[in-house]
Amino acid sequence: MTATDWIVWVGVLVLAVPVGGSLVRIVLRLATNRDRLEAATAEDGANLAAPPVVLRGGPWIGYLERLGVAVAVLAGQPQGIAYLIAIKGLGRYPELRQQPGAAERFVIGTFASMIWATAVAAGGAALLASG
């Protein structure tokens, strides 16, 4: 690998993992605020004060998820993303059954996380292929 390749890899991983974490938090905050607004305008408004359900280890799992997605795409092995989705879904299934309110946040966070990491890594892969 050339020095340029290393720079691309490091840049992609920095953008995908920690920056992606900030993006996912923003997306989840927007989704939560929208849910609360809808609950406030509903007749009963009972869910207005309910805080969002946060699953244990969520941020760390998200970091590892984005790292895995980015590495899979950069390494030319995008099928690895299917393994990540399967592991995450199976690992969280018991918690999601016990806390139905967490399932929506889980899906929103996972989609935002994976879309971001895939887009950043695809851009990096294009840079690697062109140079």
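Which helix does E65 lie in?

1. E65 lies in helix 2, residues 58-74; helices here are DSSP runs of H or I with at least four residues, numbered from the N terminus. This is a predicted model, where local features need pLDDT of at least 70 and side-chain atom pairs count only at pLDDT 80 or more, while totals for chains, interfaces and linings use all residues. Residues are numbered from 1 along each chain as its sequence is written, and side-chain values use heavy atoms, leaving out hydrogens and water.

2. Look at the surroundings of E65. This residue is buried, with a relative accessible area of 4% (buried means under 20%, with a 1.4 Å probe and protein chains only). Leaving aside residues up to four places away in sequence, E65 touches L84, K88, T110, S113 and M114; contact means heavy atoms within 4.5 Å.

3. Now follow helix 2 to helix 4, residues 100-130. The two pack at an angle of about 30°, with axes 8 Å apart; axes are lines fitted to C-alpha atoms over the stretch in contact, and angles run from 0 to 180 degrees between N-to-C directions. That makes helix 2 roughly parallel to helix 4 (angles under 35 degrees count as such, and those over 145 as roughly antiparallel).

4. Helix 3, residues 80-98, packs against helix 4 at about 165°, with axes 10 Å apart. These helices are therefore roughly antiparallel to each other.

Definitions and conventions: Buried < 20%, exposed > 50% of the residue type's maximum accessible area, 1.4 Å probe, protein only. Parallel < 35°, antiparallel > 145°, perpendicular 65-115°, else oblique.
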